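User: Could you take me through the main features of this model, beginning with the pocket?

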Amino acid sequence: MSANSPFYNLPELPTFTLTSTDIEDGGVLTGPQLSGAMGVDGGEDVSPQLSWSGFPEETKAFAVTCFDPDAPTGSGFWHWVVTDLDASVTSLDANAGDPSANLLPAGAVTLRNDAGEPRFVGAAPPEGHGPHRYFFIVTALAEPLGIDDSASPAFAGFNMFFKGIARAWLECTFELK
């Protein structure tokens, strides 16, 4: 596993199935999942529909994240972090990452992304920087993280290190030429 993988310093965990009606593993992101807020023409900042199954029976909660390890920051770029989804939640509708759409279930905690907003922000790699990878990850948790919306995405990731029991992901790409 390369040092530029979002899982490089994490323990290997069992996997489960993650699907989407909007994106596909290995696919290229399109307008809805691109960032108009960050200046990408045609970008809509719409989080994709996600569904998951086959996670461990002992799962008590989920976290959903979108991460770009290729951002020129030294630490990647968190596009979306939602924690403490109840274990009974096995899907999110498209645009659940927009707080004004009110599509997240009660109890879910949305953290500020690396653009400073508590929402999903779409792909927006620097022009000419080459293709970036976007990992949409669902982590099954042994217990809720119990952090509030003032926590950073890195702090959520640190807590997932201890409480994660399985993970599923879809890896997509986008390049702004």
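Predicted model: local features only at pLDDT ≥ 70, side-chain atom pairs only at ≥ 80, totals over all residues.

User: What volume does the largest pocket have?

Analyst: Its volume is about 610 Å³. A pocket is an open set of points on a 1 Å grid over the protein atoms alone, where a 1.4 Å probe fits, with protein on both sides within 12 Å along at least five of seven lines; lining residues have an atom within 4 Å of a point. The volume is the space filled by probe spheres set on the points, which are joined across faces, edges and corners.

User: Which lining residues are closest to its centre?

Analyst: Of the 28 lining residues, Pro6, Phe7, Leu10, Phe67 and Trp78 are the closest to the centre. The lining divides into 16 nonpolar, 10 polar and 2 charged residues.

User: Which element gives the largest share of that lining?

Analyst: The helix α1 does, with 6 residues. β3 (61-68), β7, α1 (153-163) and β8 each supply at least two. Helices (H or I, at least four residues) and strands (E, at least two) are DSSP runs, numbered from the N terminus.

User: Moving on to β8: why is it described as largely enclosed?

Analyst: In strand β8 (residues 164-174), 8 of the 11 residues are buried, so the rest of the structure largely encloses it. Buried means under 20% relative accessible area with a 1.4 Å probe, protein chains only. β8 runs antiparallel to β7 (residues 132-141), joined by 10 bridges; alanine 140 has alanine 166 as its bridge partner. Two strands pair if DSSP finds at least two bridges between them.

User: And the nonpolar core, which residues touch the most other members?

Analyst: Leu29 and Trp52 do, in the largest core of 29 residues. β8 supplies its largest share, 6 residues. Such a core is a set of buried Ala, Val, Leu, Ile, Met, Phe, Trp, Tyr and Cys residues joined through side-chain atoms within 4.5 Å. Apart from it lies another core of 13 residues, including Phe67 and Leu141.

User: What does tryptophan 52 touch?

Analyst: Leaving out residues up to four places away in sequence, its contacts (heavy atoms within 4.5 Å) include Phe16, Phe62, Leu85 and Val138.

Methods
Residues numbered from 1 in each chain as written. Heavy atoms only, no water. Buried < 20%, exposed > 50% of the residue type's maximum accessible area, 1.4 Å probe, protein only. Nonpolar A, V, L, I, M, F, W, Y, C, P; charged D, E, K, R; others polar.
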